[in-house]
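Thanks for coming. I have one structure for today, so please look at it on the screen while I talk.

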Amino acid sequence: MTSDKSKLPTDLNPQKIPQHIAVIMDGNGRWATSRGLPRIAGHRQGAKTLKELLRCCKDWGIKALTAYAFSTENWQRPVEEVNFLMHLFERLLRRELAQMHREGVRISFIGDLSALPKSLQIEMERSMAETLNNQAIHFTVAVNYGSRNEITRVCRQVAQLVEQGELSAQEVNESLVEQHLYTADTPEPDLLIRTSGEMRLSNFLLWQMAYTEMYFTDIFWPDFNREAFYQALLSYQSRDRRFGQVKASLSA
């Protein structure tokens with residue numbers, strides 16, 4: 001890696017940098033438990049890691065970062081932990097918004113936001129409105145998000161359009177479905193990173209990740225630093241992305 005942290009490491013090809021990275025930030029609780037700390041300490045440290053990764057993406061020319069912060073299944077966690085996470089989201093937004101705005105970060109939230117505390121919804125709406133025209137990096141946070149829930153919601157919306165006669169069944173295609181997804185204005189992820197040794201998608205961006213490269217690491221999320229991110233990008237750049245096609249030299 002180069003010594004200047006803000007510059008792309010010299011052995012990474014700037015032409016092959018993923019434009020959109022998705023992350024499943026796993027292992028906060030286990031990181032804390034392994035240190036004899038309460039689980040919430042892991043979430044607090046995990047938030048710092050996410051902030052650092054966002055800055056690193058911006059420095060290295062990555063245009064979009066999507067983070068899985070809270071799934072539709074996470075409500076089943078202990079009430080104290082859920083409440084802490086909601087307060088943490090709100091506090092971080094209040095504290096970090098001005099700085100992110102200055103740095104040109106555009107913030108989006110995806111998921112069923114209507115189930116969240118009203119004060120948090122207000123902060124989310126404010127941050128999305130304030131940063132709407134920023135172009136340095138598009139930072140999307142999935143909160144109360146579940147991909148099956150999202151796809152079901154799209155099916156319902158499209159069915160209503162057909163029911164109302166605004167659309168025929170023959171007009172329903174992939175492009176139409178994509179227009180109704182939460183991520184309609186974001187390119188599909190090139191790379192998914194999941195930490196803490198788990199190797200599954202956990203109901204995250206199932207439609208959007210049809211051709212996404214997957215990278216799994218045993219590192220707990222709070223320890224996922226620039227060096228670990230650099231290793232993920234090295235792995236990504238070594239892969240041959242064909243999107244279901246065959247290379248010209250092999251097709252003869």
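This is a predicted model: local features need pLDDT of at least 70, side-chain atom pairs count only at pLDDT 80 or more; totals for chains, interfaces and linings use all residues.

Residues are numbered from 1 along each chain as its sequence is written, and side-chain values use heavy atoms, with hydrogens and water left out.

Now the strand. Buried means under 20% relative accessible area, exposed means over 50%, and partly exposed is in between, with a 1.4 Å probe and protein chains only. Strands are DSSP runs of E with at least two residues, helices are runs of H or I with at least four, and both are numbered from the N terminus. Both faces of β1 are covered: His 20, Ala 22 and Ile 24 are buried on one side, Ile 21 and Val 23 on the other.

What does β1 pair with? Two strands pair if DSSP finds at least two bridges between them. With β2, residues 64-71, β1 pairs in the parallel sense over 5 bridges, and Val 23 has Ala 67 as its bridge partner there. With β5, residues 191-194, β1 also runs parallel, joined by 4 bridges. In that pairing Ala 22 stands opposite Leu 192.

Next, the annotation. An unreviewed UniProt entry marks Asp 26 and Asn 74 as "active site". They span 49 residues in sequence, yet no two of their C-alpha atoms are more than 12.3 Å apart, so they gather at one spot. UniProt positions are given in the numbering used here, feature names are shortened, and annotations may be inferred rather than shown by experiment.

Are these two residues buried or exposed? Asp 26, in the loop between β1 and α1, counts as buried at 16% relative accessibility. Asn 74, in the loop between β2 and α3, counts as buried at 15%.

What do they touch? Contact means heavy atoms within 4.5 Å. Leaving out residues up to four places away in sequence, Asp 26 touches Arg 194, Thr 195, Ser 196, Glu 198, Phe 220 and Trp 221. On that basis Asn 74 touches Ala 69 and Val 82.

That is what I have; questions, please.
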